[in-house]
Amino acid sequence: MDVLSRPLIDRTLPLLAEGYAWLPNRMRDASGSVVRTRIMGRPALALRGPEAVRFFYDERNVHRHRAIPEPVLGTLFGHEAVHTLDGAAHRARKELFLPLLEPTAVAALAEHVSDAWDEAVPEWGRRASVVLFEEAATVLTRGVHRWAGVPLDDAEAGAAARDMTAMVDGFATAGPRHLRARRARGRQEERLARLVRDVRTGAATAPAGSVLERVCGHHDLSGEPLSEKTAAVELLNVLRPTTALAWFVAFAAHALHRWPENRAPLAKGDVAFQTAFAHEVRRFYPFVPFLGGLAARDLFWRGAWVPEGGLVVLDVYGQNHDETLWGDPYAFRPRRFLERAVGRDELIPQGGGDPASGHRCPGEGLTVGVLETLAAQLARMEYTVPDQNLAIPLHRVPTLPHSGVVLAGVGRAAV
């Protein structure tokens with residue numbers, strides 16, 4: 001039988017069982033950078049490498065429209081979100097987010113989050129211990145709401161943070177986690193849709209130049225304003241990913257505990273090292289396992305084939321741990337980012353391609369800026385790490401140290 005027409009065995013169950021390791025394991029078995037398989041009943045072509053990134057993000061090859069499963073839309077991204085669009089419609093919607101790439105916007109968000117962190121630390125010090133993941137999520141939620149111009153009472157920040165993290169935690173699973181994610185999205189979409197309605201009717205005011213003002217006034221390619229529901233979805237696509245940086249904050253603390261030699265250059269304000277550390281946290285620790293789209297036509301990649309409508313999958317975790325790119329991929333070594341310029345399509349924890357015109361996350365600059373700031377805050381802070389389970393299970397998506405990283409004896413920032 002011809003290799004191109006050989007029946008493919010569905011690998012959905014092994015994927016769910018192995019999590020982050022599934023696709024890298026298949027790549028290793030195939031001794032290459034491409035794998036043909038079947039996922040959720042569809043033929044699939046899995047790719048890895050900078051050239052594969054460019055192939056994947058070329059809209060002549062791969063479409064996102066109808067590619068995202070409903071369970072992911074119903075929890076993580078939201079229906080009618082920018083992630084579901086292609087071509088001119090995608091570019092028109094993405095105009096809403098492009099100002100978030102500006103250095104001034106990044107600096108402003110980092111400042112708001114840093115202020116919220118400083119407000120929280122004294123209260124942490126009054127407790128015997130805190131779970132950093134949970135506390136960081138609340139800090140980030142407070143900071144991003146202030147920055148975006150979205151009102152949120154301090155007393156409500158913890159509940160909002162739990163909803164934001166639930167949406168991320170439950171998107172890739174079934175059962176109670178998924179149900180919690182759906183309920184959380186419903187609550188937050190309803191809250192933000194009411195706010196959009198109030199701004200448009202004059203019952204509330206959006207701060208000038210704020211994300212809230214931009215969303216309420218944005219017009220899509222059709223020239224029509226976003227519906228209240230879609231506007232709420234896109235507001236959540238600013239608020240939720242920022243709260244989700246709690247995963248990276250927990251990973252940063254994990255790294256500082258395991259490799260404490262990184263603490264001094266962070267604490268003393270070495271800006272280049274802070275950026276390198278943020279990049280290495282995003283590269284080294286597991287967050288996005290892979291990204292998917294639909295083949296826009298019959299596609300061939302390095303001798304492998306997928307038919308039009310089949311899945312095309314980009315191996316994000318595998319590429320960020322590819323020995324041919326990183327040399328020592330399982331060593332946590334921030335200085336690798338100071339030793340050479342890393343190509344745009346080599347490091348892809350939040351996707352690849354051009355963020356201005358393609359599907360790469362437009363908030364990547366915000367991620368790096370906030371993580372630089374909070375990693376330095378952590379490095380300057382006094383605390384101890386009591387005995388706990390800091391193992392990071394690769395079968396769980398998204399994963400996290402089992403304990404959420406417990407800190408004890410939190411004190412003022414070291415001088």
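**Thr-138 and its setting**

Modeller: Apart from its neighbours within four places in sequence, Thr-138 touches Ala-157, Gly-158 and Ala-161, where a contact means heavy atoms within 4.5 Å. This is a predicted model, in which local features need pLDDT of at least 70 and side-chain atom pairs count only at pLDDT 80 or more, whereas totals for chains, interfaces and linings use all residues. Residues are numbered from 1 along each chain as its sequence is written, and side-chain values use heavy atoms, with hydrogens and water left out.

Thr-138 itself belongs to helix α7, which covers residues 132–148; helices (H or I, at least four residues) and strands (E, at least two) are DSSP runs numbered from the N terminus. Because its relative accessibility is 14%, Thr-138 counts as buried, the classes being buried under 20% relative accessible area, exposed over 50% and partly exposed in between, with a 1.4 Å probe and protein chains only. The C-alpha atom of Ala-208 lies 8.7 Å from that of Gly-149, although 59 residues separate the two along the chain.

Turning to the strands, an open sheet of five has the order β1-β2-β8-β5-β3, and its pairing is mixed. Its edge strands are β1 and β3 (62–63), each of which pairs on one side only; two strands pair if DSSP finds at least two bridges between them. From β1 (residues 34–39) to β2 there are six bridges, in the antiparallel sense, and Val-34 has Leu-47 as its bridge partner in β2. These two strands make a hairpin with two residues between them, and Met-40, in the turn, has a positive phi of about 50 degrees. On to β8, strand β2 (residues 42–47) runs parallel and is joined by four bridges, and Leu-47 finds its partner there in Leu-314.

Some backbone details elsewhere deserve a careful look. Arg-302 is not a glycine and yet has a positive phi of about 50 degrees; its place is in the loop between β6 (299–301) and β7 (304–306), and at 49% relative accessibility it counts as partly exposed. Val-405, likewise a residue other than glycine, has a positive phi near 70 degrees, but it is found in the loop between α18 and β9 and is buried, with a relative accessibility of 3%. The loop between α18 (364–380) and β9 (406–408) also holds Pro-398, which is joined to Val-397 by a cis peptide bond with omega about -10 degrees.

For the chain as a whole, the secondary structure comes to 18 helices and nine strands. Its radius of gyration is 21 Å, close to the 22 Å that the globule rule gives for 415 residues, so the chain is as compact as a globular protein of that length; the radius is taken over C-alpha atoms, and the rule is 2.2 Å times the number of residues to the power 0.38. Along the principal axes, the C-alpha atoms fill a box of roughly 70 × 55 × 40 Å. Of the 415 residues, 56% are buried, as Thr-138 is. Among contacts between residues at least 6 apart in sequence, 71% join residues at least 24 apart. The accessible surface is about 17,500 Å², with 55% of it belonging to carbon and sulfur atoms, by the Shrake-Rupley method with a 1.4 Å probe; for residues, only the protein chains shown count as cover.
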